[in-house]
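Here is a short briefing to read with the model open beside you. Take it topic by topic, and look up each residue as it comes along.

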Amino acid sequence: MTVLDPACGSGGFLVSAYHRIRDQLPEPTGSHDRILSQLSGVEINRSPAHLTAINLAIQDLSSYTDEVDIEINDFFNVERNQRFGRVVAGAGGEEWENEDELTEQIGGFDAVVANPPYIRQENIDNKEHVRDHLDSQEIDAEYISRRADIYAYFLTHGTEFLAEGGDLGFIISDRWMDSKYGEDVQQFILENYEIRAIIKFDRQVFDDALVDSSVLVLRRQSDVDEREENVAKFMRVKEEMDIEEIASIVED
């Protein structure tokens, strides 16, 4: 399993992915470098990027390594099928540029997971650049409203990096459910994904950032019949619940 977090912050999702992959291995001992090779992240801010590299590197202190694939960059500067790691954050605080464009390409991830930043449309810097990817053959989503908040573009751009049948898991604002631009986001989801689950958190249930948020669990699917025959699961969380309990209800 290969996993990309396009807004990795200090690496919470990637660390969780590390443990998920390790738990699935028949012989986890000695697999540290192999697991790290399956994880990639992008973070625009240097300090969190280095924290991600550190947090991943220390998951197995018996086989410490600096070979962690965390790029310091704006995700919207990263193009599909372009070499990952133009500026890489090392766990020791160092950074280096990798100019070997031919040895590896990015794309075809088994999972893309993220908690994108909460930036309203009026506060998006260089919106034209952020929207550049919408006319790609991979997604063809120029219809997305210019009034969409930044998470909508993380969804569309993240889709470009996901393999057919790959899973996308995002924690995002719930504004796409009842705003005018949200109709475009809904259309994009229906045209590209099977909806595995959508989880809506009621106001004042949680004291943290889950307030006014929703969780998307989607599977990329190009076959129209498969998408239309899929049974979507919708869950509304009205009171505080453990993550394990929410996951169990969705799975059942």
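Where is D140 found? D140 sits in the loop between α4 and α5 (150–160). This is a predicted model, and its protein chain has eight helices and 10 strands.

**The chain as a whole**

- Of the 252 residues in the protein chain, 49% are buried.
- The accessible surface of the protein chain is about 13,100 Å², and carbon and sulfur atoms hold 45% of that area.
- Among contacts in the protein chain with a separation of 6 or more, 68% are between residues 24 or more positions apart.

**Loop residues to look at**

- D140 has a phi near 50°, which is a positive value in a residue other than glycine.
- For background, most residues other than glycine have a negative phi.
- D140 is exposed, because its relative accessible area of 52% is over the 50% cut-off.
- N126 also has a phi near 50°, again positive in a residue other than glycine.
- S145 lies in the loop between α4 and α5.
- Is S145 buried or exposed? With a relative accessible area of 19%, S145 is buried, because the cut-off for buried is under 20%.
- Setting aside neighbours within four places in sequence, S145 is in contact with R131, Y153, Y181 and D184.

- Strand β2 (residues 39–43) and β3 run parallel and are joined by four bridges.
- V42 has E71 in β3 as its bridge partner.
- Together, β2, helix α3 (residues 46–57) and β3 form a right-handed β-α-β unit.
- In strand β3 (residues 69–72), D69 and E71 point one way while I70 and I72 point the other way, and all are buried.
- In a regular strand, side chains alternate between the two faces of the sheet.
- Helix α3 contains T52, which is buried at 0% relative accessibility.
- Which residues does T52 touch, not counting those up to four places away in sequence? They are C8, G9, S10, G11, L14 and I70.
- From T52 to V42, the C-alpha to C-alpha distance is 9.8 Å, and the two residues are 10 apart in sequence.

**The nonpolar cores**

- In soluble globular proteins, nonpolar side chains tend to be buried together.
- The largest nonpolar core here has 37 residues, and those with the most contacts inside it are Y153, L155, F170, W176, I189, L216 and L218.
- Two or more residues of this core come from each of β6, α5, β7 (162–173), α6 (182–192), β8 (193–201) and β9 (213–220).
- Which element gives the most to this core? It is α5, with six residues.
- W176 is in contact with Y151, Y181, G182, V185, Q186, I189, I198, S214 and L216, leaving aside its neighbours within four places in sequence.
- There is also a second, separate core of 20 residues, which includes L25, I35, L39 and A111.

Technical notes
Residues numbered from 1 in each chain as written. Predicted model: local features only at pLDDT ≥ 70, side-chain atom pairs only at ≥ 80, totals over all residues. Heavy atoms only, no water. Buried < 20%, exposed > 50% of the residue type's maximum accessible area, 1.4 Å probe, protein only. Contact = heavy atoms within 4.5 Å. Areas by Shrake-Rupley, 256 points an atom, 1.4 Å probe, with all protein chains shown as cover. Pairing = 2+ DSSP bridges. Right-handed = clockwise from strand over helix to strand, strands pointing away. Core = buried A, V, L, I, M, F, W, Y, C linked by side-chain atoms within 4.5 Å.
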